[in-house]
Amino acid sequence: MGNGDCVGKYRFSRTIGEGNFAKVKLAVDTSTGHPFAIKIIDKDKIVRDDYMRCQVKREIKTMKLLHHPNIVRIHEVIGTKSKIYIVMEYVSGGLLSDKLAYSNRFSEQEARKLFQQLIDAVDYCHARGVYHRDLKPENLLLDRKGNLKISDFGLSALRKSGDVLSTACGSPSYVAPELLVNKGYEGAAADTWSCGVILYEMLAGFLPFDDRNLINLYKKICRAEFTFPQWFTEGEKRILSKILEPSPEKRITIPEIEDEWFRVDYKPAIADESHEKVCVDDVAAAFDSTEVDSDEHCKTGMKNSSSFINAFQLIAMSHELDLSGLFEQEDEHTEKKMIVSKHTLGETMKKVEDAAADTTLLVERVYNKMKIHPKMTRCTRSYGDLSAEVIKVAPTHCVVKLSRSSAKLGDYGKFCQRLSSLLTENPATSTEKDVFKVLKRNNSIIKDLRIPEEEQKSENQDLWGYSSS
Amino acid sequence: MGGCLSVNVDRIPGYEEPALLSAETPFSVREVEALYELFKKLSHSVFDDGVIHKEELLLALFRDKNKTNLFADRIFDLFDLKQNGVIEFGEFVRSLGVFHPSAPQEDKVAFAFRLYDLRRTGYIEREELQEMVLALLHESELALSDDLIQAIVDKTFNEVDSKGDGKIDQEEWKEFVLKNPSLIKNMTLPYLMDISLAFPSFLSPSET
């Protein structure tokens with residue numbers, strides 16, 4: 001199906017974008033002549049383990065369900081043995097970053113229109129529990145009429161979250177301060193910050209935070225150190241000051257952004273949800289060729305030793321070596337808790353979600369990390385930072401690392417209690433002994449098969465979803 | 001904390017000039033001064049003598065001065081550069097400097113190696129690794145059978161001990177960390193990035 005310049009009914013032409021894990025090619029539907037942009041993902045690179053496979057599948061499904069005029073639509077997902085093709089709407093007007101590069105700055109009217117469209121789309125996604133986490137002009141496309149379209153919404157698994165912070169992948173100029181200091185963060189507030197930086201850049205023609213020295217740049221971002229050019233109007237200054245607020249708790253929320261300045265000429269987009277039936281079956285099918293049931297994987301797929309954690313990784317993730325205690329006041333000492341799970345990674349994550357099911361908490365997956373925060377309504381909003389990280393220690397043993405930085409968090413107690421009881425339930429199947437037999441066998445194989453360097457690296461990154469910078 | 005206690009008068013054993021420490025570490029003079037406020041707090045928490053005892057470190061890290069913990073012991077040992085059983089101010093700042101986000105990676109890699117080389121033989125041995133894993137699992141109440149622990153240690157040596165001589169030397173460790181940079185993420189304390197920003201209270205001690 002996918003030989004070189006064709007896949008399905010699509011014929012590829014030139015490459016229009018290239019990233020770490022994916023390539024985007026322009027393609028034509030040979031039956032209709034319509035152009036599409038097709039994102040090509042190397043399965044080997046991205047869906048190495050069960051967990052990543054589930055995650056990417058889930059995210060593509062989510063993205064397929066997003067129907068908003070300012071979000072790039074996914075039409076179809078096709079899978080071959082080695083690749084996944086995501087057939088997307090082709091947006092012909094280029095990137096916002098290019099437009100910013102060749103026009104000095106935008107008029108207030110133009111910037112406001114694009115900002116309204118951006119906020120509209122972001123609000124739409126947040127309401128569905130989907131966060132972008134990497135909003136920047138390179139991810140914003142313009143159509144022929146100059147309307148904005150966000151690409152890659154919900155595809156955060158396809159980006160390594162660490163990339164945002166590393167110099168190799170460009171400037172962290174759009175990244176919220178709470179991400180830089182490596183605190184737990186909340187997707188919504190971080191996206192809001194990025195929208196603010198984008199609005200500033202459109203109005204000013206340059207970035208609010210800029211410095212060749214990365215450390216200085218970090219400092220500027222963390223302190224929200226920026227000035228307004230003299231041509232900024234009062235309305236612009238007011239909204240930007242509220243968005244570029246270093247503390248995510250104090251930062252204005254998306255719904256609150258709709259102030260006087262924002263409302264000028266505002267035409268809310270109409271999301272066309274019931275317009276057509278969306279079929280997500282193709283997403284699953286696209287993955288099927290390499291799909292291995294996770295339990296089966298434990299027994300048969302252990303050709304490498306990734307089923308076990310490397311002891312140094314185990315040590316690095318533990319709180320034992322965490323010196324943060326020196327810097328925290330007794331009362332604000334973040335609570336850290338480890339809960340042991342005698343289940344596979346997938347099962348454990350499922351249980352974390354189950355434990356939160358009947359509470360007022362909302363669980364959001366980011367790799368093997370899960371952010372947990374109170375369900376939000378449009379008007380009431382409270383922040384709490386609870387994150388759960390699930391780490392595979394052995395094939396059927398995981399550790400759930402909970403850390404909490406906010407004292408008040410809805411049903412936290414109830415959640416913990418339910419989680420521990422769910423996790424300590426004995427799995428119906430295989431006992432540790434059975435599993436070990438498999439391991440023993442596997443062990444002798446590892447000795448002969450050194451894991452290629454690249455694999456080690458990515459496996460390690462998968463474990464935490466980021467690498468230290 | 002008396003507002004009149006200026007840094008220049010209350011000399012304590014092991015006190016060093018902030019300017020000197022700033023030159024040797026990634027911290028600015030103001031940051032060293034801020035660290036001094038923290039040091040004073042820590043070094044007077046159990047024994048009122050201006051040096052940090054192990055109990056005081058344990059109290060700060062675990063809110064429990066009588067806790068026994070392998071890793072805290074190692075940290076204390078490494079911070080105690082003069083090996084005299086207490087951590088003095090200069091030692092505190094120099095050692096924390098390694099944990100600064102902009103400290104050289106080599107320093108972090110070397111520090112981690114020394115930390116894990118429990119018996120200071122210059123190698124991380126199988127027994128040491130096993131001891132650390134056990135200590136860790138004990139703390140986290142993760143009960144793994146000996147066989148599983150063995151499997152984890154085996155996997156680790158398969159990956160790290162590239163020369164296959166049954167022990168991990170500095171070179172092998174460096175090489176492995178290079179491929180897996182997140183292994184030393186525990187050697188970076190984001191808190192140190194901008195001390196005055198994170199702890200404004202350190203820089204403006206209360207007047208009362």
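A residue counts as buried when its relative accessible area is under 20%, as exposed when that area is over 50%, and as partly exposed in between. The exercises below apply this scale to a predicted model.

**Exercise 1.** Determine where Arg63(B) lies and whether Arg63(B) counts as buried, partly exposed or exposed.

*Solution.* Begin with the chain: Arg63(B) belongs to the loop that runs between helix H3 (54-62) and helix H4 (70-79) of chain B. Turn next to the backbone, where the phi angle of Arg63(B) is near 60 degrees, a positive value in a residue that is not glycine. Finally, take the relative accessibility of 26%, because of which Arg63(B) is classed as partly exposed.

**Exercise 2.** Describe chain A as a whole: what are its secondary structure elements, its buried share, its contacts and its surface?

*Solution.* Chain A contains 16 helices together with 13 strands, and 55% of its 469 residues count as buried. Among the contacts in chain A with a separation of 6 or more, 66% join residues 24 or more positions apart. The accessible surface of chain A is about 20600 Å², and carbon and sulfur atoms contribute 49% of that area.

Methods
Residues numbered from 1 in each chain as written. Chains lettered and ligands numbered in written order. Predicted model: local features only at pLDDT ≥ 70, side-chain atom pairs only at ≥ 80, totals over all residues. Heavy atoms only, no water. Helix = DSSP H or I, 4+ residues; strand = E, 2+ residues; numbered from the N terminus. Buried < 20%, exposed > 50% of the residue type's maximum accessible area, 1.4 Å probe, protein only. Contact = heavy atoms within 4.5 Å. Areas by Shrake-Rupley, 256 points an atom, 1.4 Å probe, with all protein chains shown as cover.
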